[in-house]
Amino acid sequence: MQNSNKPFQIDKHLIYQSWLSVKANHGAAGIDKLDIEAVGKDYKKLLYKLWNRMCSGSYMASPIRKVEIPKNDGKGSVRILGIPTVLDRVAQTAVVKLIEPRLDPKFDQDSYGYRPSKSAHDALKQARARCLKIPYVIDLDILGFFDNIPHNKLMEIVEEFVPESWIKLYIRRWLKANMQDSKGNITEREKGLSQGGSVSPVLANLYLDVVFDKWMKANFPYTSFERYADDVIVHCSSLKQAQYILGKIKDRLKEYGLEGLCRIY
C-alpha cells in the first residue's frame, strides 16, 4: 500500500516487515526509552505514524543514545555505541531491505563482513589458503573506522549508487542525528556512523567497496586481499611490493578521512 497524496511513495507493508525484523533482533531502547515491548503494545498506531511521516518528508531522526562499552585492552578505553530509537531502526531497516539486495551483488567477492551470504570463517579460510602460496601480507586495521567516516565523502558515494531521493534524504538525517548521553549532554556529529544503527553496516561496506575494494582491483589487479569490515589482509609476493602497496593504501585512506594501523609480515 502507498500514499498517493504524499511526495514519497513508500510501501506500508515494507514498514511492517521492517518492524518484524527489528522486533526479532531485540535490541535496547533508544533515547525515547521505548523498547521493543513498549512499541509492540501500540505498534499499529506508531508504525502508521512513522510511515505517514516518511511519505510526507516530515520524518526526522531522533538523537541517538550514547553507550560506552569498555574495551578489554587494559587501558580503560571504551568503544562508543550509538543506539537509535526502535522506530528509527525500523525506518533504517526499511532502507536496508531496499538497497542491500541491489548493492550486495556489486560488492567484491573478497569482502566478507556484514554480508548475507559470507562470514568471518569464509574470510579466514581464504586468507589461510593464500598465505600458504604468497609469502608476505599487509595486515591492515582501519582505526576508528565507524567513528571517522566523513559524511560528505560517504554521501558522494551514496548519491552515485542510490537513486531514490527519499532514501538519500533520510540517510543524511540519520548521519546528522545528534548523540545524547545519559546526562542529556548533546554531541553534534559531522562524521561517523552509529554502530547501533540498522543501516550502518551496508553503508560501511558501500564506503569501503569504493574506497578500498574497487580501488585495489583497479590499481593492483593481481594482488589478492580479504576484507572483513575494516580489517584487511593484502597478499604480496615480495617485501618491496608490500612496502610500495602499503604506502599507496595509506595515501588512499587519508584521502577519504581514514587512517590505518598497518603491519607487514
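Alanine 229 counts as buried, because its relative accessibility is 5% (buried means under 20% relative accessible area, exposed over 50%, partly exposed in between, with a 1.4 Å probe and protein chains only). The model is predicted: local features need pLDDT of at least 70, side-chain atom pairs count only at pLDDT 80 or more, and totals for chains, interfaces and linings use all residues. Residues are numbered from 1 along each chain as its sequence is written, and side-chain values use heavy atoms, with hydrogens and water left out.

Alanine 229 lies in the loop between strand S6 (225–228) and strand S7 (231–236). Helices (H or I, at least four residues) and strands (E, at least two) are DSSP runs, numbered from the N terminus. The phi of alanine 229 is positive, near 55 degrees. Most residues other than glycine have a negative phi. Lysine 33, also not a glycine, has a positive phi of about 70 degrees. Lysine 33 sits in the loop between helix H1 (12–25) and helix H2 (36–41). At 72% relative accessibility, lysine 33 is exposed.

Helix H4 (residues 86–103) has 18 residues. Its C-alpha span, first to last, is 25 Å, close to the expected 26 Å (1.5 Å times one less than the number of residues). H4 bends by about 30 degrees at lysine 97 (the angle between axes fitted to the seven residues ending there and the seven starting there). Proline 101 follows within four residues. H4 is mostly covered, with 13 of its 18 residues buried.

The structure holds zero disulfides (pairs of cysteine sulfur atoms within 2.5 Å). Cysteine 236 is in no disulfide; its nearest cysteine sulfur, that of cysteine 131, is 11 Å away. Cysteine 236 is buried, at 0% relative accessible area. Cysteine 55 is buried as well, at 0% relative accessibility.
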